[in-house]
Amino acid sequence: MTIKEITNSLEEIAPLQYAEDFDNVGLLVGNYQTEVTGVLVTLDTLETVVDEAIAKKCNLIVSFHPIIFSGLKKINGANYVERVVVKAIKNDIAIYSMHTALDNSVKGVSAMMAEKLNLAKTKILLQKSGFIKKLTTYVPDQVADRVRRALFDAGAGDIGNYSNCSYNIRGLGTYKGNENSNPAIGKKGILQQEKETFIGVIFEKHLESAVLKALLNTHPYEEVAYDIVTTDNRHQHIGMGMVGELSEAMNEADFLSLLKEKFNLKAIRHSNLLNKPIKKVAVLGGSGSFAIDAAKHSGADIYVSADFKYHDFYKAENQIVLADIGHYESEQFTKNLLVDYLTKKFRNFAVVLSGTNTNPINYI
């Protein structure tokens, strides 16, 4: 089993193309062709985590947060980032990070928060745009079914709960090949009129190479006419945060107690309570102040996230309760999600949940 086989599986739920532009995801240390002896899953890669990987004979660390975030100009062990990288390289341990690729997945960080609170009717809080592309092409009628099927098999044509979606129009195509052409239908130098089907399908942007390969491999023409454009449509299954509903409304105090229990919290920082029942809940793992307005617009009664600054709490404006449960605390179950996923994918392979507590914040 190579690192590439493991990471290909992880990218089925969190393609690296989902990551934010500022992020640093993927294989940060190591070689994709290395044979894997075991996988250690952690939230953060610290020196103690590398030591744990060595002790447990795991030569691949799958980490949520990237240990290398901004560029490294030196690697001499002057700080904890450099020491981790040096130790990993010396011990032939690879490090793979997912971070905002998993944040933006419908099966990712915020989904785990929603699951812990048993939220129903969940949907993405901040849906991403620019992730949906559209392919249009023109195919001889007699092979249209074959080309469509290949496009669907490559992942095109999925819209929400529907698959095999396409738009088709029959028309007449014309072409005339020059002396260097080799037309599949017709003869060079002669104007050819061919009954063709216009096919239009959408697909997620990370599937572009696979969709294009499927088109070119099944289309009979020597020169294939097609267009690919990026749409502004929002993708309902890609984006940050989630919003959902409790099975029954709760008063604010009871809900905050539920939060403390489910997330094993020692403290919750929150805005003014509104003396209103909590039914609709918005969640976002990690630093979530940027989504406060979205949580308000969603109609949520409370927004659970982390890293709110002093003035962020004013943004509640008596419309919503803001609850800061801590960065680590909001993301802590991410590693459980990944262990469960990999264990189901690779049943006869060692996937280990890290026992190292990487939370840098302590409470008294």
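Residues are numbered from 1 along each chain as its sequence is written, and side-chain values use heavy atoms, with hydrogens and water left out. Because the model is predicted, local features need pLDDT of at least 70 and side-chain atom pairs count only at pLDDT 80 or more, while totals for chains, interfaces and linings use all residues.

User: Is Thr 7 buried or exposed?
Analyst: Thr 7 lies in helix α1, residues 3-13. Helices (H or I, at least four residues) and strands (E, at least two) are DSSP runs, numbered from the N terminus. Buried means under 20% relative accessible area, exposed over 50%, and partly exposed in between, with a 1.4 Å probe and protein chains only. The relative accessibility of Thr 7 is 1%, so Thr 7 counts as buried.

User: Leaving aside neighbours within four places in sequence, which residues is Thr 7 in contact with?
Analyst: Contact means heavy atoms within 4.5 Å. With neighbours within four places in sequence left aside, the contacts of Thr 7 are Tyr 32 and Tyr 96.

User: How many residues apart in sequence are Leu 274 and Val 321?
Analyst: Leu 274 sits in the loop between β11 (269-270) and β12 (278-287), and is buried at a relative accessible area of 18%. Beyond four places in sequence, its contacts are Glu 252, Asn 318, Gln 319, Ile 320 and Val 321. From C-alpha to C-alpha, Leu 274 and Val 321 are 7.2 Å apart in space, and in sequence their separation is 47 residues.

User: Which element gives the most to the lining of the largest pocket?
Analyst: On a 1 Å grid over the protein atoms alone, a cavity is a set of points where a 1.4 Å probe fits but cannot get out, and a pocket is an open set with protein on both sides within 12 Å along at least five of seven lines; lining residues have an atom within 4 Å of a point. The largest pocket has a volume of about 550 Å³, a volume being the space filled by probe spheres set on grid points that are joined across faces, edges and corners. Of its 23 lining residues, Tyr 18, Asp 158, Glu 204, His 235 and His 237 are the closest to the centre. At least two lining residues come from each of α1, β8 (192-204) and β10 (234-250), and the most, four residues, come from β10.

User: How many charged residues are in the lining of the second largest pocket?
Analyst: This pocket has a volume of about 370 Å³, and of the 19 residues that line it, Asp 44, His 65, Pro 66, Tyr 80 and His 327 are the closest to its centre. The largest share of the lining, four residues, comes from α10. Ala, Val, Leu, Ile, Met, Phe, Trp, Tyr, Cys and Pro count as nonpolar, Asp, Glu, Lys and Arg as charged, and the others, Gly among them, as polar. By these classes the lining has ten nonpolar residues, six polar and, as charged residues, three.

User: How far apart are the closest N and O atoms of Lys 56 and Glu 52?
Analyst: A salt bridge is a side-chain nitrogen of Lys or Arg within 4 Å of a carboxyl oxygen of Asp or Glu, and the whole structure has twelve. Lys 56 is partly exposed at 39% relative accessibility, whereas Glu 52 is buried at 10%. The two form a salt bridge whose closest N and O atoms are apart by 2.6 Å.

User: Which residues touch the most other members of the largest nonpolar core?
Analyst: A nonpolar core is a set of buried Ala, Val, Leu, Ile, Met, Phe, Trp, Tyr and Cys residues joined through side-chain atoms within 4.5 Å. Contacts of Val 304 beyond four places in sequence include Phe 255, Leu 259 and Val 281. Among the 58 residues of the largest core, those touching the most other members are Phe 255, Leu 259, Val 281 and Val 304.
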